[in-house]
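Here's a quick look at surface patches and charge pairs in one model. Have the structure open while you read.

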Amino acid sequence: MAVSDNTRGLILAMLSSLFIGTSFILKKKGLRRAAEAGTRAGVGGYTYLLEPLWWAGMITMIVGEVANFVAYIYAPAVLVTPLGALSIIVSAVLAHFLLKERLRRMGILGCVSCIVGSIVIVIHAPQEHIPSSVQEVWSLATQPAFLIYVAASLSIVLVLMLHFEPLHGQTNILVYLGICSLMGALTVVSIKAIGIAIKLTLEGINQFGYAQTWFFLSIAVIFVITQLNYLNKALDTFNAAIVSPIYYVMFTTLTIIASAIMFKDWSGQNVSSITSEICGFITVLSGTVILHMTREEEPATATGSITWYDGDPSKGVEDAHFIALNNSDYFR
């Protein structure tokens with residue numbers, strides 16, 4: 001019996017979620033160990049690069065991303081991306097046992113909602129038209145509507161990086177994850193273009209002679225590196241069980257929007273199927289929100305103090321005046 005492209009994409013997406021969900025926990029444990037030995041990643045430290053457990057998580061994530069990459073070759077983003085909800089379930093369950101981040105009863109309900117929503121999306125997912133060349137993909141990427149989306153996304157990313165990160169990066173999770181998600185959506189469409197190029201090349205139609213293929217590859221590499229940097233900061237600063245669902249919601253929503261604009265995923269589907277997919281997606285989002293709301297917050301990290309000395313040098317220490325400001329108040 002022949003296996004459909006959507007089925008191949010479904011299996012690969014599920015395996016991807018398993019590996020990626022596990023990688024969150026391994027990287028989090030690695031970041032915790034690294035923080036004990038040096039500067040935290042959330043405040044600019046890179047000691048986690050010397051931590052084997054972090055690298056184990058990194059390798060696991062790469063395996064998951066490769067599976068995800070191949071899944072996008074066979075199935076539309078509207079099917080593959082929402083299945084990332086399974087990685088949230090994996091990370092939430094593992095965090096409960098390995099990181100002692102409690103998963104409550106409502107959290108279990110959230111997991112069930114994610115599964116139900118994913119099943120609905122799988123049942124009603126569209127069959128995708130695969131472009132016949134990278135040049136066809138390029139023509140889709142240079143549509144006015146998609147160019148407007150790209151310009152808006154990159155503008156928001158620059159504002160978050162240059163203005164909001166220095167002021168609110170340590171206190172507002174949406175700063176780091178906003179950067180990750182906006183760039184992640186653009187990464188997905190670039191990776192899909194690369195996947196199509198590889199698939200066609202393996203079939204005997206070489207696509208690597210086109211400059212567009214190398215452009216998509218360069219964009220994907222730059223954006224992936226940037227995503228990993230900000231995802232590390234988010235994981236080190238905030239609770240893993242909060243990072244995972246919020247990142248999923250933002251990333252999935254933006255990816256579906258980007259893919260729908262560029263590849264016209266819903267073209268040719270009837271209203272009933274599209275409505276069912278949207279309902280399934282909303283169910284998944286509801287599950288992630290429930291998970292977020294029922295998780296315990298990350299314990300506060302050790303805080304230092306900033307001290308100003310306004311005493312006269314001629315006075316003894318006991319006569320000097322000191323003003324100490326707790327850094328958690330300073331950055332709030």
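## The nonpolar patch

Helix 1 gives the nonpolar patch its largest share, three residues. Keep in mind that this is a predicted model. The patch itself sits on the surface and is made of Ile-11, Leu-15, Phe-19, Ile-59 and Val-63, which together have about 420 Å² of accessible area.

Take Ile-59, which sits in helix 2. Its relative accessibility is 52%, so Ile-59 counts as exposed, given that the cut-off for exposed is over 50%.

Side chains of opposite charge can pair when their charged atoms come close. Searching the whole structure turns up four salt bridges. One of them joins Asp-5 and Arg-8, with 3.0 Å between the closest N and O atoms. These two are three residues apart in helix 1, so about one helical turn separates them. Asp-5 is partly exposed at 29% relative accessible area, and Arg-8 is partly exposed too, at 34%.

Arg-33 and Glu-51 also meet in a salt bridge, at 3.7 Å from N to O. Arg-33 is in helix 1 while Glu-51 is in the loop between helix 1 and helix 2, so this pair ties together parts 18 residues apart in sequence. Arg-33 is partly exposed at 46%, whereas Glu-51 is buried at 13%.

Buried or exposed, then, for Glu-165? At 16% relative accessibility, Glu-165 is buried, and Lys-233 is buried as well, at 14%.

Note on methods:
Residues are numbered from 1 along each chain as its sequence is written. This is a predicted model: local features need pLDDT of at least 70, side-chain atom pairs count only at pLDDT 80 or more; totals for chains, interfaces and linings use all residues. Side-chain values use heavy atoms; hydrogens and water are left out. Patches are made of residues with over 30% relative accessible area and no salt bridge: like charges are joined within 9 Å, nonpolar side chains (Val, Leu, Ile, Met, Phe, Trp, Tyr) within 5 Å. Accessible areas come from the Shrake-Rupley method with a 1.4 Å probe; for residues, only the protein chains shown count as cover. A salt bridge is a side-chain nitrogen of Lys or Arg within 4 Å of a carboxyl oxygen of Asp or Glu. Helices (H or I, at least four residues) and strands (E, at least two) are DSSP runs, numbered from the N terminus. Buried means under 20% relative accessible area, exposed over 50%, partly exposed in between (1.4 Å probe, protein chains only).
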